[in-house]
Amino acid sequence: MRQKVGLAIAGFLLVALAMAVGIGVGQLGTAFLWSRLATSVSYSSVETTYDSVQEFNESIEVVDLAWRRLGDTDHFGQRITFKYTVRNLTDEDITINSWRSFIPVFVDAEGFAIHEAATGGEFIVPANGEFTHTGVEHIETELYDQIVDLRLLGI
């Protein structure tokens, strides 16, 4: 009887060990798969187009930056529209991912960020040309009342 109980416990431990090893291998496999997938679905940005942020900043300049209130909304408070125009100072097209390269940030009178725009997209600024990007943001009225300026984070 003791031998059967011992064998049953040993068998249970062996199955539990095999399951733990299987789960661990599965987790490693899943992590590897996600890392490969993330690499293959990457977006172009300053980091992949240029060796440094300084090189990027020397290749592009902001020629216009503006924002204004569109009006009240039923659920979010205020609607704000913004736009910025960038000029390519090089002889080659530049691909910009505005989710990572530029982030429009609304600031208060002391220069503190009040709200970061949640809009973005990828666009191409033609060689020696310009491109204007625009977006609409919804922001709470209490925060809107504090906004005095718009800046582009990343420049």
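Analyst: Two strands are said to pair if DSSP finds at least two bridges between them. The model considered here is a predicted one.

User: What makes β4 and β5 paired strands under that criterion?

Analyst: Strand β4, residues 103-107, is joined to β5 by three bridges, and the two run antiparallel. The criterion asks for at least two bridges, so β4 and β5 count as paired. One of the positions involved is Val107, whose bridge partner in β5 is Ala113.

User: Which sheet contains this pair, and which strands are at its edges?

Analyst: The sheet is open and has three strands in the order β5-β4-β8, with antiparallel pairing. Its edge strands are β5 (113-116) and β8, each of which pairs on one side only. Neighbouring strands in this sheet are turned by 35° against each other on average, direction ignored.

User: What is the strand order of the sheet that contains β1, β2 and β7?

Analyst: Those three strands form an open sheet in the order β1-β2-β7, and the pairing is antiparallel. 

User: Why are β1 and β7 called the edges of that sheet?

Analyst: β1 (60-72) and β7 (130-139) each have a single partner strand, so one side of each lacks a neighbour in the sheet. On average, neighbouring strands here are turned by 15° against each other, direction ignored.

User: How do you know that β2 pairs with both β1 and β7?

Analyst: The bridge counts settle the matter. β1 and β2 pair in the antiparallel sense over 11 bridges, and 10 bridges join β2 (residues 78-88) to β7, again antiparallel. At least two bridges are required for a pair. Among the individual positions, Gly71 stands opposite Arg79 in β2, Tyr84 has His133 in β7 as its bridge partner, and Thr85 stands opposite Thr132 in β7.

User: What lies between β1 and β2?

Analyst: The two strands form a hairpin with five residues between them. Gly77, in the turn, has a positive phi of about 100°.

User: Why is Gly71 called buried?

Analyst: Gly71, which is placed in strand β1, has a relative accessibility of 11%. Not counting residues up to four places away in sequence, Gly71 touches Gly77, Gln78 and Arg79. The C-alpha atoms of Gly71 and His138 are separated by 9.8 Å, although these residues are 67 apart along the chain.

User: What makes Thr81 a buried residue, and which residues does Thr81 contact?

Analyst: Thr81 has 15% relative accessibility; the limit is 20%, so Thr81 counts as buried. Thr81 is found in strand β2, a strand that is mostly covered, with eight of its 11 residues buried. Leaving aside neighbours within four places in sequence, the contacts of Thr81 are Ala66, Trp67, Arg68, Leu70, Thr134, Gly135 and Val136.

User: How many helices and strands does the chain have, and what share of its residues is buried?

Analyst: The chain has four helices and eight strands, which run α-α-α-β-β-β-β-β-β-β-α-β from the N terminus. Of its 155 residues, 28% count as buried.

Conventions. Residues are numbered from 1 along each chain as its sequence is written. This is a predicted model: local features need pLDDT of at least 70, side-chain atom pairs count only at pLDDT 80 or more; totals for chains, interfaces and linings use all residues. Side-chain values use heavy atoms; hydrogens and water are left out. Axes are lines fitted to C-alpha atoms, for helices over the stretch in contact, and angles run from 0 to 180 degrees between N-to-C directions. Buried means under 20% relative accessible area, exposed over 50%, partly exposed in between (1.4 Å probe, protein chains only). Contact means heavy atoms within 4.5 Å.
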